[in-house]
Amino acid sequence: MLIFNQVSKNGICDLSFYIRSGEFAYIYYQESRDIETLFNLIMGNARPDDGVIRWLNNDSLIKPFPIEKRVVYQENILLPDRTVIENMRYIMQIRGFSSKYINNRARRVLNILELDKLFDKKPGELMKHQLIRANIAQAILDFPTVVIVENPTIMLDDVNAQGIIHLLKGINSLSLTIIFLSSDQRLIPGDGVKVIGPVLASKQNREKGSYA
């Protein structure tokens, strides 16, 4: 699905990996600025200085990334004046869901994220880990091909940070590809997760980077 071939940009040096469809990939860099660089590279917001980035769908090249992708941003994106379930309904309307499916799908997804007792809470009334779960919920409402998660656990305690990993593993079991970008050294991805980290190598004789 996603290939990095000897990619370098800012603090990222000679990074190579291949994430297959349906995998849970955990990409760790110690510095949050490197995670930000990786996020921008994956999203197509930045071009590598060296190396090549490719998205594939059934072994065919896609430019610049899959249509069916959703993002869990580090910052909350839910509307503060609406409840959790109102936010889900609103997002589904924007994404073109038929009205007859919206309520059931929103409740189903919130149940998956263990937010079934918080439907009527506004974002400002949620605890930090609950707010992250609600933002994950908005990303999987339409069960996209890939979910990109941007460093969400930095401000959480150890238990709730690890709980986010556990929940994402459950979502991954629904055949959603998870790309988890993290600078949180406390996390233990565990079994069934592809762990990707820095690869230090010479940058000599690399062709100019591209996003293909």
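Author: Start with the term pocket. On a 1 Å grid over the protein atoms alone, a pocket is an open set of points with protein on both sides within 12 Å along at least five of seven lines. Lining residues have an atom within 4 Å of a point. A volume is the space filled by probe spheres set on the points; here the probe is 1.4 Å. The model is predicted, so local features need pLDDT of at least 70, side-chain atom pairs count only at pLDDT 80 or more, and totals for chains, interfaces and linings use all residues. Residues are numbered from 1 along each chain as its sequence is written, and side-chain values use heavy atoms, without hydrogens and water.

Reader: What is the volume of the largest pocket?

Author: About 270 Å³. Of its 18 lining residues, Gln-74, Lys-128, Leu-131, Ile-132 and Pro-152 are the closest to the centre.

Reader: Which helix gives the most to that lining?

Author: Helices are DSSP runs (H or I, at least four residues), numbered from the N terminus. Helix α4 (residues 128–139) gives the most, with four residues.

Reader: How does the lining divide by class?

Author: Ala, Val, Leu, Ile, Met, Phe, Trp, Tyr, Cys and Pro count as nonpolar, Asp, Glu, Lys and Arg as charged, and the others as polar. The lining has 11 nonpolar, five polar and two charged residues.

Reader: At what angle do α4 and α5 pack?

Author: Axes are lines fitted to C-alpha atoms over the stretch in contact, and angles run from 0 to 180 degrees between N-to-C directions. For α4 and helix α5 (residues 158–172) the angle is about 20°, with the axes 10 Å apart. That makes α4 roughly parallel to α5 (angles under 35 degrees). Contact means heavy atoms within 4.5 Å. On α4, His-129, Ile-132, Arg-133 and Ile-136 make the contact. Its residues are six nonpolar, two polar and one charged.

Reader: Where do α2 and α3 fall, roughly parallel or oblique?

Author: The axes of helix α2 (residues 84–94) and helix α3 (residues 99–112) come within 9 Å and cross at roughly 125°. The two are therefore oblique to each other.

Terms used: Angles under 35 degrees count as roughly parallel, over 145 as roughly antiparallel, 65 to 115 as roughly perpendicular and the rest as oblique.
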